[in-house]
Each structure stands twice: as C-alpha cells, then as structure tokens.
Amino acid sequence: MKGKRIFAVLMSALIIVSAFAGCSGDSSQTTSATSESSKTTTSSSSSESSKTVKAESVNANFTARDMDVGYEETDAVKISCSGSKFNISGSGATAKDGVLTINKEGTYVLSGSIDEGRIVVNVTDSEKVQLVLNGFTIKCTTHSPIFIKSADKVFITIKDGTKNTITDGTSYTDLADDESNVDAAIFSRADMTINGSGSLTVNGNMKNCIVSKDDLVITGGTITVNAKNNGICGKDCVKIADGNITIKSEGDGIKSNNSEDTSKGYIYICGGKINITSTTDAIQAETTLTIEKGEINLKTGGGSENSSKTSEGKDNPQWGKWGQEDSSTTEEDTASAKGLKAGGDIKISNATITADTSDDSIHSNSNVTIESGTFNLKSGDDGIHADTSTVINNGNIVIEKSYEGIEGSNVTINGGTIELTASDDGINSAGGSDSSSMGGRMGQNSFTENSDIYIKITGGKVTVDASGDGLDSNSNLIIEGGEIYVNGPTNDGNGALDYDGTATISGGTFVAVGSSGMVQGFSDSSTQCSILYNLSSSHSTDEKITLADSSGNEILSYTSTKQFSLVVVSSAKITKSGAYKLTVGSESYDIEMSSTVYSNGSNGFGGGGMRGNKPNGFGRGNNGNPPDGNPPQMPNGENSGMTPPDKPSRETSTTNT
C-alpha cells in the first residue's frame, strides 16, 4: 500500500505538469502523459488542485483531475449493460425500469450496450462523479441518455482504445416538471469535464448533443458530434485543452451563452484539433473568445459560395436563411453563420485556422486581436470584422475571398504577412465609402460610436486586391512602416486610397495602383515623400512598375495584378529635391520633386467615392484640391459642369449583427 501512495504522489506531480503543458507546449503531451498505460492509479492523483495557464480576461484553469484519466480500479463500481438491463457490481447506483441512477460520489465504469435506457446522476452539489466509458453504447428515445441532475462536477472519461456512442430520440416525452429545459443527449446541470483518449460519438437527434449549464471542459478524446441543433454548449464557459473534435450541426458548433454574468459566457481553446461544419455560427462566445493554440477548421452556412452578394453584385436573396434559432436566441440575436464570433473580445495566437464561411469568418462585437498564427479565410461576407478595434501584431493571414477583407472602427497592423482579396473594400475603418454605408445591405456590419477612427500600418507586409476601395478610412490613414501593396479598383467609382481626414506616411514602402477617377494621394503633412501619377494610358495586368533615381538605381518595383491607370508610390529613398524616373511597362515618366508630395493632377472625382450617386469632392492629386480650381473633367475630357458639393458625413451605427 505504501508503494501505491508513493506512485500516487508521482502521478499527481506528472498530471499537474501535464495540465500546464497541454496549453503552453505540444498538445500531444497531454494525451501521452495521462494515457491509461496502467489500469490502476489512485484517487489521490485525481485531486482538484489547479494549475493556471496564462490567458487574459478568462479563467484558463485546468485542474489536475480535468487532465487525469486514471481511477482506482478496486474502488470503481463496474456496470455491464445488455438490452435494457444494468448489471451493477458495487454500491452507489441503482437500476429500475431501464434507468440507472447514481446517488453516491465515486467512479463508475460502464461497458456493453443499452438499447433503450438512460443514466441519471443525482448526488449532492458537493460530490463528484466519474463516468468511465469502456466500450459503452446507450440509446434513449424519450429522454436525455445521460442526464446529470445534480453534482458538484462530473468527469466523463473515454477509456483508451474503446469506442462509445450516445444517441437520443427525436423528441423527449418522459420529462418531469423540473426537467423541461433538458435538451441534449448528454445534459448536465453541473460542471462537466470530458477527458481520455478513446472515441465518443454523440448523436443529438432531438436538439443538442453535449450541454452543460455550468462549465464544460474538454481535455482529450476523439469526439464526434452530430447535432440537430447545437453541437457542444457550456453556458458559463467552454474550455478545450486537447482532443480531436468533429462537429456537424444544423445550429451552432460550439457555444457559450451566459448573458447574465459578464465574467462568464466565454470560450477558451489552447490545443487540440477541431473540425466544424455548421448551419449557423461555428464557434460563438457571448463574451470573450480566446484561442491560444490548436488547429481549427470551420465551414458555416454552406460556405463562402453562399455569399451576401451574387456574382453580378446584387444582394443574394438566399443569404441569411441559415435555419433554426435555438431557445436561447432572442429577437436581438438573430441567426448568423459566422466562423468565430464573440460579443466581447476575440484574441488569437499560435493557432492554425481555416474557415470557409457564408457570413464573416472572424467577427467581434468588440475588439479583434491577432498576435500570431496561420489563417486561411474564405468568406461570403467579411473576412475579419470588429465593431471597435482590429489589431494584427503578427501572423500569416490569407483572406482568399471576402466582401470586405479587414474591418474595424479602427484597424492597426503592426506586423505579419497579409494577403487579401475583396469584392468591395480591402481594409476599411468605420464603414468607409463602401456600399454598406448607403442605406444598408445584406450582411452589413456596424461599428461603435467612436471618434478614434483610422487605419494605421506600422509594419509587416500587406497585399490588397480590392474591387472597391483598397484602403478606405472614414477618417485618417496612417502609414509608419512595413510594405504595403494595393491593387485597387478598375472602375472609376472607387479608389486605391480613400480617406475623409488626412493620409500621412512616415515610413515603409508603399505602392498602390488602380483607376484614376476617384484618386487620392498622401497629404502634404507626411514626413516621407510620395508620388501620385496619373498615367497617360491604361495599363494591363502584369505590367511592371519601377521607380529609379537619377543614377538609375532602382528604389522600388512592383508588378500589378490588375488593369490600372494610376500609381501612388512612397519610399524612404525618395527625397523632396530629387529627380526620378517612373517606368510602367514600356512607358517612362520623368519626375522632379520639389516638395514632400508630388502629383501630376487627376481626372474625375476624388476623395470619398460616389455616395448617393453624387460626386463627393474632386481629385485629391494636388494636396486635396482641384488641379486648376476649375470643375473636374470627366474621363472623356469634357467638363462635368458640376461644382464641388458639400461633403456628406458618414454616421456610424450601433446595431450589432
């Protein structure tokens, strides 16, 4: 016995280390460190001591017992099942009329198959229960097959090397008066942890698959979920440290929906592999969504091919029709088909995220912060949206398809590699001049009422391919560093740059190409020199643009991916008294700088774009003023006969979607 106690102490230390490693190191350590290589471990190794894993704004604790899949073999109650009978070896559980009731704290090992029956855990709210699934199948057509009615915490351990299945019916008819909210194949009114390294399949034919009305923690296992509505729900929180989770749901994939307590309703993921195909949101947190590690693959609402706009640019009448709303949905919280969605902040680091979504791929009603990771996003609406601030500090981000690529009331890019394609604006702060500010559109997002509106780029490499405005700020555009390449619109109703305040550049390399009808360049308050050049002719895709100094030394070069008639360039190597040669394809243009900003004038209407079918200001090529003070010229050279209209304001909305 003394030897067992020494072994238990060693196991406790190993498990606590594993609890930390599962979310800060290689996720495979969790499984290997806690695998059931020995049938016998001791209950002391399952103590509820905790180890905190660093995460801001969420409780990221995983207890030792959350990670521990062991149990004391000699103390466990063995329950073998056949047909509708539970054969019990030990005390603490009773069986009657196909219902197994557990009424005492302890470990219960389940094996065999129940054709029609259910398990009810009904212990005091200070007692813990461990259910070990050891090759166990259960089906109940009238109720939740596993119903945790009362407990402090329940651990469902999926034993290594076993296959287990939980299935409910299409309606629950055997509910007591106090069980009207029971709506999942596994339903818990207590904290619940799922761990282990075996496989578990849960079929939620009535509504949901796995629900906890308190905390729901997953630290291991191969878990497959098939849900009529929502897949995995923890009202107070969902925390995932490891596991291989596959969800197919006609509602949301993973959600936490406590809207009454701002310290709850969060989702925290720090490991594992998650694959979700859902009709509505893939992962939805009422408050904060934090992802610190993991491989996450998402598909919602039929994918990006089911987009908010048709290929002709019209509203898609089928978009937004994503199926049912669950009982927690309010009139203000209508169905959506977003990939990652949070009412509060979204924070992501060290994760690999692939999303093919009908709605926004990443959406926060507050702030989005990306610290690092690899992202491949295809969206039928917006790639990344925050109602307040979007901040990207690092990462490899590809937005392969979107209506608008990156949005926020303000957008800050400090590093990383970003490549995005947008059918409207590329990077947008507070609505900009895109069509979402013109009386609304399907999928239109909102922004907080915020005077702090800007796009700011300080580092990284950013490549934008936009059919609307390339960089579109409702106020200021600030470039302090990095490499920025903008392939702007080919139509004269949009511009590679569009801002309402000032556009200043103080560092970095900048190249933008696009149409010349709505041209804006950098403001003369910039400290780094820039050149805006309206070309004498339109140039085709794949033509090389080169800027060289008077000695022929190349300063910058870029090959456009689209047709263009305008070039805006800036580099620290350009001086305000230098001479330069701009070469575009076979044509060359000599430029003599005499100030920080050079422009050869512009055609058409510049600035904020065409709003309400009215021209909004003139070409901004001459420091924001018409080149000669005369009415602007139309592309065919004729005088428009128009005078500059007053610039309308753009109001922001506070309605969240």
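Asn-195 lies in strand E14 (residues 191-196); helices (H or I, at least four residues) and strands (E, at least two) are DSSP runs, numbered from the N terminus. The model is predicted: local features need pLDDT of at least 70, side-chain atom pairs count only at pLDDT 80 or more, and totals for chains, interfaces and linings use all residues. Residues are numbered from 1 along each chain as its sequence is written, and side-chain values use heavy atoms, with hydrogens and water left out.

At 1% relative accessibility, Asn-195 is buried (buried, under 20% relative accessible area; exposed, over 50%; partly exposed, in between; 1.4 Å probe, protein chains only). A polar atom of the Asn-195 side chain lies 3.0 Å from the backbone oxygen of Asp-68. Residues up to four places away in sequence aside, Asn-195 touches Asp-68, Ile-156 and Thr-219, among others (contact, heavy atoms within 4.5 Å).

Strand E47 (residues 530-539) is largely enclosed by the rest of the structure, because seven of its ten residues are buried. Strands pair if DSSP finds at least two bridges between them. Six bridges join E47 to strand E50 (residues 564-570), and the two run antiparallel. Here Tyr-533 stands opposite Val-567. Three bridges join E47 to strand E53 (residues 597-599), and these run parallel. Ser-530 stands opposite Val-597 in E53.

Most residues other than glycine have a negative phi. Asp-542 has a positive phi, near 70°. Asp-542 is in the loop between E47 and strand E48 (544-549) and is exposed, at 56% relative accessible area. Asn-350 also has a positive phi, of about 55°. Asn-350 is found in the loop between strands E27 (346-348) and E28 (351-357). Its relative accessible area is 54%, so Asn-350 is exposed.

How values were computed: A polar contact is a pair of N or O atoms within 3.5 Å; within protein, one must be able to donate a hydrogen and the other to accept it, and residues adjacent in sequence count only if both atoms are side-chain atoms.
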